[in-house]
Amino acid sequence: MRTNFITEKEKQYEIIDRCDSCFVSMVDNNHKPYLIPMNFGREDDIIYLHCAPEGKKVNIIKENPSLCLGFTTDHSLTHQHEKVACSYFMRYRSVIAHGKAEQIEDADEKIRILNIVMRKYTKKGDFEYNEPAIKNVQIYKVKMTEITAKTMGYND
């Protein structure tokens, strides 16, 4: 089965939007990689991430804001010949994107972004937030500067 590369932005975004989470990869000052799954929101070529205002990922991003984001969806095991082990493969759609994390400080912008994330998961409109909640959330904006998308086992 062939791998199909997806170069159209809208089709790349469709794959991203189908994903429930993304994998965020970063590298600390000791060149040690760190990978975590995160919830996210997307608007055009921007990925929004949110987390606690302190912790390992926050410390790493302060030192090195370059991130690699991984998205994968529509997994299904299939085969060409039931008795031939090497004919089995996993169907999937995936996107790998690179960008730099930019910390968002403005409270109104944080609320706007949190609503983007909430709409992704709830399909509802805007929500209410209290001041302590907004102060105690870290929001990152990641402009995807390089995107590679592909499918395996689908005719996209």
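Is arginine 42 buried, partly exposed or exposed, and what is its relative accessible area? In this predicted model, arginine 42 is partly exposed, with a relative accessible area of 21%, a value that falls in this class because buried means under 20% and exposed over 50%.

**Overall fold**

The protein chain has 4 helices and 9 strands, which follow one another along the sequence in the pattern β-α-β-β-β-β-α-β-β-α-α-β-β. Its C-alpha trace spans about 60 × 40 × 25 Å along the principal axes, and 38% of its 156 residues count as buried. Among contacts with a separation of 6 or more, 69% come from residues 24 or more positions apart. The accessible surface comes to about 9600 Å², and carbon and sulfur atoms account for 49% of that area.

**Charged side chains**

The chain carries 23 positive and 23 negative side chains, and the centres of the two sets lie 6 Å apart. Side chains of opposite charge can pair when their charged atoms come close. The structure holds 8 salt bridges, including those in the table.

| Salt bridge | N to O distance |
|---|---|
| Arginine 42 and aspartate 17 | 2.7 Å |
| Arginine 18 and aspartate 74 | 2.8 Å |
| Aspartate 45 and lysine 143 | 2.3 Å |

The salt bridge between arginine 42 and aspartate 17 ties together parts that are 25 residues apart in sequence, because arginine 42 lies in strand E4 (residues 40-43) and aspartate 17 in helix H1 (residues 9-18). Aspartate 17 counts as partly exposed, at 38% relative accessibility.

Arginine 18 and aspartate 74 also meet in a salt bridge, and this pair links helix H1, which holds arginine 18, with strand E6, which holds aspartate 74, across 56 residues. Arginine 18 counts as partly exposed at 47% relative accessibility, whereas aspartate 74, at 18%, counts as buried.

In the salt bridge of aspartate 45 with lysine 143, the partners belong to parts that are 98 residues apart in sequence, since aspartate 45 lies in the loop between E4 and strand E5 (46-51) and lysine 143 in strand E8 (residues 138-143). Lysine 143 counts as partly exposed, with 42% relative accessibility. Salt bridges that share partners join Arg18, Asp74 and Arg93 into one network.

**A nonpolar patch**

Leu77, Tyr88 and Met90 make a nonpolar surface patch of about 290 Å². Leucine 77 is found in strand E6 (residues 66-79) and counts as exposed, at 58% relative accessibility. Leaving aside residues up to four places away in sequence, leucine 77 touches Tyr88, Phe89 and Met90. The C-alpha atoms of leucine 77 and isoleucine 46, which are 31 residues apart along the chain, are separated by 31 Å.

Technical notes: Residues are numbered from 1 along each chain as its sequence is written. This is a predicted model: local features need pLDDT of at least 70, side-chain atom pairs count only at pLDDT 80 or more; totals for chains, interfaces and linings use all residues. Side-chain values use heavy atoms; hydrogens and water are left out. Patches are made of residues with over 30% relative accessible area and no salt bridge: like charges are joined within 9 Å, nonpolar side chains (Val, Leu, Ile, Met, Phe, Trp, Tyr) within 5 Å. Accessible areas come from the Shrake-Rupley method with a 1.4 Å probe; for residues, only the protein chains shown count as cover. A salt bridge is a side-chain nitrogen of Lys or Arg within 4 Å of a carboxyl oxygen of Asp or Glu. Helices (H or I, at least four residues) and strands (E, at least two) are DSSP runs, numbered from the N terminus. Buried means under 20% relative accessible area, exposed over 50%, partly exposed in between (1.4 Å probe, protein chains only). Contact means heavy atoms within 4.5 Å. Lys and Arg count as positive and Asp and Glu as negative; His and the chain ends are not counted. The place of a charge is taken as NZ of Lys, CZ of Arg, CG of Asp or CD of Glu.
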